[in-house]
Amino acid sequence: MKQISIGELEKQIMDIVWKYTQCSTRDILAKLEKNRKLAYTTVATILQRLYEKGLLKRTENQSGYIYSP
């Protein structure tokens, strides 16, 4: 079985998604900005990578994607 490694920011994002079960990129950005300043595109890129690694599911809505564990 292939082991997947994730970075610190990826871990923080996964923790948020697990806690809230469904999150948009803006939801996650709002939670992360309490502790650090990040660009929307940075969070979107990390979410895309987590999705590609098979760690997140996503569904599309009118304003973007909703991510879930």
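This is a predicted model: local features need pLDDT of at least 70, side-chain atom pairs count only at pLDDT 80 or more; totals for chains, interfaces and linings use all residues.
**Notebook: salt bridges, strands and a helix**

I began with K11, which counts as partly exposed at 41% relative accessibility.

Residues are numbered from 1 along each chain as its sequence is written, and side-chain values use heavy atoms, with hydrogens and water left out.

**Entry 1: charged pairs**

How many salt bridges does a search of the whole structure find? I got three. I count a salt bridge when a side-chain nitrogen of Lys or Arg lies within 4 Å of a carboxyl oxygen of Asp or Glu. Side chains of opposite charge can pair when their charged atoms come close.

K11 has D15 as its partner, with the closest N and O atoms 3.1 Å apart. I place both in helix α1, four residues apart, which means about one helical turn between D15 and K11. D15 is partly exposed as well, at 42% relative accessibility. I name helices (H or I, at least four residues) and strands (E, at least two) from DSSP runs, numbered from the N terminus.

Next I looked at E10, which forms a salt bridge with K53; here the closest N and O atoms are 3.1 Å apart. This pair links distant parts of the chain, since E10 sits in helix α1 and K53 in the loop between α3 and β2, 43 residues apart. Is E10 buried or exposed? I noted E10 as buried, at 9% relative accessibility. K53 is partly exposed, with 32% relative accessible area.

I then found K37 and E33 meeting through their side chains, at 3.6 Å from N to O. K37 is exposed, with a relative accessible area of 72%, and E33 is partly exposed at 35%.

**Entry 2: the sheet**

I traced three strands in an open sheet, in the order β1-β3-β2, with antiparallel pairing. The edges belong to β1 and β2 (57–61), each with a single partner strand, so one side of each has no neighbour in the sheet. I call two strands paired if DSSP finds at least two bridges between them.

Five bridges join β2 to β3, and two residues separate these strands in a hairpin.

**Entry 3: helix α2**

Which residues of helix α2 (residues 25–32) are buried? I listed T25, I28, L29 and L32. Looking down the axis of α2, I saw these buried residues fall within an arc of 100 degrees, so they line one face of the helix. That arc is taken from the directions from the helix axis to the C-beta atoms. An α-helix has 3.6 residues a turn, so residues three or four places apart point the same way.

What do the buried residues of α2 pack against? I noted α1 (8–20), β1 (23–24), α3 (40–52) and β3 (64–68), with contact meaning heavy atoms within 4.5 Å.

Conventions: Buried means under 20% relative accessible area, exposed over 50%, partly exposed in between (1.4 Å probe, protein chains only).
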